[in-house]
Amino acid sequence: MRVKKPTLIITFATTTQAMAVEKFCGDNQLPGRIIPVPREITAGCGLSWKAAPEDKEQLATALEGSGLGYEEMYIIEI
Amino acid sequence: MITVNAIGDACPIPVVKTLNAIKELKGADVIETLVDNEIAVQNLIRMADKKGCPVKSEKISDKEFKVIIEVGEAALAAPIDTDNVVCELPKSGKKNTVVVISSKAMGHGGDELGTALMKGFIFALSQQEQLPTTILFYNGGANIPVEGSVSLEDLKNMEAQGVEILTCGTCLNFYGLTDKLAVGEVTNMYTIVEKMTGADLIVKP
């Protein structure tokens with residue numbers, strides 16, 4: 001059985017933005033991975049960034065600093 | 001009422017015995033067939049339905065079932081073929097679903113987008129209540145179940161829940177990834193063909 005745990009989900013306005021964030025995070029060794037936006041969230045484009053809740057501040061700072069930005073951050077159980 | 005005893009008979013004997021009993025009827029009658037397994041019950045019901053005969057079954061015990069078929073005049077007039085009785089095996093609850101991943105990207109168009117979509121597909125697949133039986137990776141798909149792949153976590157999760165993960169050895173060799181396979185087993189074309197031809201459903205993103 002799958003175990004659900006609190007997860008940070010970051011949504012983006014466009015698919016291109018989500019893919020640029022994937023590249024940016026990869027290049028800068030930032031935590032997380034790209035996943036389809038969970039069904040629980042009905043915002044943003046179809047792709048989102050998934051990471052641990054404790055990575056929230058680090059990712060927020062990095063994304064804002066890079067100019068890439070993001071749409072919303074959510075902590076949900078998936 | 002005629003009673004046919006088919007206890008201890010394996011399919012298709014219960015159906016054949018019942019058909020033979022129908023053949024010998026002189027007029028409309030009821031045939032009661034005794035069998036010892038559920039498959040025989042289902043096959044008898046299917047046969048009766050095909051003939052348009054009302055049918056009901058009763059479970060007497062775990063090893064004893066009664067199938068009662070009302071044979072009407074119309075069913076008696078129809079030809080009876082006992083040579084081509086098909087044995088159908090019961091469907092198990094779970095479908096044998098095989099997911100085939102043959103490229104790094106999902107769909108055609110932009111490969112960069114396709115790669116992001118494929119990562120998403122594998123993640124979403126791992127979140128399903130009903131997981132596939134097998135996932136096959138070949139050609140460009142062989143780049144996915146290897147060290148450093150973001151999908152590795154999802155594939156390992158699925159493997160831990162009993163999903164069989166098989167990657168084409170020829171393809172790993174071609175891409176120089178033989179030592180990098182990080183989940184599941186290496187397979188060959190014979191097994192790939194066997195898995196695909198034996199599937200109830202093939203899912204190809």
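## Cysteines of chain B

Both B:Cys168 and B:Cys171 are buried in this structure, which is a predicted model. These two residues form a disulfide in which the sulfur atoms lie 2.2 Å apart, and the structure holds one disulfide over all chains. The torsion about the S-S bond of B:Cys168 and B:Cys171 is about 80°, so the disulfide is right-handed.

B:Cys53 also counts as buried, because its relative accessibility is 5%. The cysteine sulfur closest to that of B:Cys53 belongs to B:Cys11 and is 18 Å away, which is too far for a bond, since a disulfide requires sulfur atoms within 2.5 Å.

## Crossing of two helices in chain A

In chain A, helix α1, which spans residues 15–27, and helix α2, which spans residues 56–66, have axes that come within 11 Å and cross at roughly 110°. Because angles of 65 to 115 degrees count as roughly perpendicular, α1(A) and α2(A) are therefore roughly perpendicular to each other. The crossing of α1(A) and α2(A) is right-handed.

On the side of α1(A), the contact is made by A:Val21, A:Phe24 and A:Cys25, while α2(A) contributes A:Leu59, A:Ala62, A:Leu63 and A:Ser66. By residue class, the contact of α1(A) with α2(A) divides into six nonpolar residues, one polar residue and no charged residues.

## A cysteine in the helix contact

A:Cys25 is one of the residues through which α1(A) makes its contact with α2(A). With a relative accessible area of 1%, A:Cys25 is buried.

Conventions
Residues are numbered from 1 along each chain as its sequence is written. Chains are lettered from A and ligands numbered from 1 in the order in which they are written. This is a predicted model: local features need pLDDT of at least 70, side-chain atom pairs count only at pLDDT 80 or more; totals for chains, interfaces and linings use all residues. Side-chain values use heavy atoms; hydrogens and water are left out. Axes are lines fitted to C-alpha atoms, for helices over the stretch in contact, and angles run from 0 to 180 degrees between N-to-C directions. Helices (H or I, at least four residues) and strands (E, at least two) are DSSP runs, numbered from the N terminus. Angles under 35 degrees count as roughly parallel, over 145 as roughly antiparallel, 65 to 115 as roughly perpendicular and the rest as oblique. A crossing is left-handed if the near helix is turned anticlockwise from the far one by less than a right angle, and right-handed if clockwise. Contact means heavy atoms within 4.5 Å. Ala, Val, Leu, Ile, Met, Phe, Trp, Tyr, Cys and Pro count as nonpolar, Asp, Glu, Lys and Arg as charged, and the others, Gly among them, as polar. Buried means under 20% relative accessible area, exposed over 50%, partly exposed in between (1.4 Å probe, protein chains only).
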